[in-house]
Amino acid sequence: MKAALDFVSAGMVTAVGLDAASSCAAMRARLDGFQETRFAVPGGDWLIGAPVSLPRNWIGEERLAHMAAAAIVEAFEIAPQARGQTALILCVAEEDRPGRPVGNGQNLLGLIEEISELGKTIQPRMVAHGRPSGHVALDAARRLLASGSTGFVMIVGVDSYLTPKSVNHYLGERRLVTTMNSNGFIPGEAAAAILCAPSGGVLRLTGLGLAREPAHIYNEMDYPLRAEGMTSVYKNALAESRCLHSDVVLKIGDLVGETYWFQQSALAMLRTQRERSAVQPIWALAASLGNIGAAAGPAMLAWAVQAVQRGYAPAGPIMVEASGDNGACGAAIVEAR
């Protein structure tokens, strides 16, 4: 059974702002948080990344916990009535991702609950699918709301690619942007929280699609890229929302920088849009924040909430999409209430 799901409030901690309002204003202005890090790259240059400027130099899980807690507290400031009666879904990096900043997931959950003073949460759970984690969490959230076990669900995403092991791995794979490689991504970090309820929100989830792409970025030699996974999630999300692709007025995507991701989205659009429409603007999260992994889904939804609240989002269905290195992908359709 699926329940109605509204987005009530949001919080963000990013390389361009320590709250949702400043982060989204910066992204709207096409500002970015890119700067030299202390990671060296071949040739003697410093790696460009998108780190968060925190008041203290926390590292490891403590750093993630402080970022996630700040986003949660911000979301609760707008809806304090949700405290003490909220289910928590934490989105984190894939379990097999090199340099994954999360060791013991339960330890991270405990730190977040302690720092944010969450109070009683209803059976906290983790989703470890990287960038599409937020979409998987949306499916879990509406099932929780449908069960009647909770009136609110907080979806939180937190991640970082700025760890030594992660940087070394992706440099070795030639997947990071350097002076020698333009077809790569900029490693970033962020946290975002989105509070969901059956009603009373700024946006409503009207459609959701989840699938897996066989020709993922590490498997292109075995399968030609036809964007079968993303095409499937587009079709499912559009069918559930009862709209056509041509009705979508805005797309928000993780689109971390490598050409693969743009090709995947372009192919999926070609395979699902059959009617003429105005050019759909695309807001690319990574253009300002770099690759923020599992924080991407909640961050894109938070951006949509801010854009609707402040009146700069076009009127109509908004598509939010994300996909991961292992082929997992998701798309959601949201509309203003």
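Helices (H or I, at least four residues) and strands (E, at least two) are taken here as DSSP runs, numbered from the N terminus. The structure is a predicted model, in which local features need pLDDT of at least 70 and side-chain atom pairs count only at pLDDT 80 or more, while totals for chains, interfaces and linings use all residues. Residues are numbered from 1 along each chain as its sequence is written, and side-chain values use heavy atoms, with hydrogens and water left out.

In these terms, threonine 231 lies in helix H6, which covers residues 228–241. The protein chain as a whole has 9 helices and 12 strands. Its radius of gyration, taken over C-alpha atoms, is 19 Å, close to the 20 Å that the globule rule (2.2 Å times the number of residues to the power 0.38) gives for 337 residues, so the chain is as compact as a globular protein of that length. The C-alpha trace spans about 55 × 50 × 35 Å along its principal axes.

Of the 337 residues, 58% count as buried; buried means under 20% relative accessible area, exposed means over 50%, and partly exposed lies in between (1.4 Å probe, protein chains only). Contact means heavy atoms within 4.5 Å. Among the contacts with a separation of 6 or more, 78% are made by residues 24 or more positions apart. The chain exposes about 13600 Å², of which carbon and sulfur atoms supply 52%; the areas come from the Shrake-Rupley method with a 1.4 Å probe, and for residues only the protein chains shown count as cover.

At 4% relative accessibility, threonine 231 counts as buried. Its side chain reaches the backbone oxygen of alanine 227 at 2.6 Å. Alanine 227 itself belongs to the loop between strand E8 (203–212) and H6, and has a positive phi of about 55° although it is not a glycine. With a relative accessible area of 0%, alanine 227 is buried. Leaving aside neighbours within four places in sequence, threonine 231 is in contact with Arg226, Ala268, Arg271 and Thr272.

Threonine 272 also gives a reference point for alanine 15: the two are 257 residues apart in sequence and 34 Å apart in space, C-alpha to C-alpha. Alanine 15 is found in the loop between strand E1 (5–13) and helix H1 (20–28), and counts as buried at 19% relative accessibility. Beyond its neighbours within four places in sequence, alanine 15 is in contact with Gly33, Ala50, Pro51, Val52, Glu189 and Leu289.

Gly33 is likewise among the contacts of serine 288. Serine 288 sits in helix H8 (residues 286–289) and counts as buried, its relative accessibility being 4%. A polar atom of the serine 288 side chain lies 2.6 Å from the backbone oxygen of leucine 31. Once neighbours within four places in sequence are set aside, serine 288 is in contact with Val16, Met27, Arg30, Leu31, Asp32, Gly33 and Phe34.

Arginine 30 is exposed, with a relative accessible area of 55%. Although arginine 30 is not a glycine, it has a positive phi of about 65°.

Notes:
A polar contact is a pair of N or O atoms within 3.5 Å; within protein, one must be able to donate a hydrogen and the other to accept it, and residues adjacent in sequence count only if both atoms are side-chain atoms.
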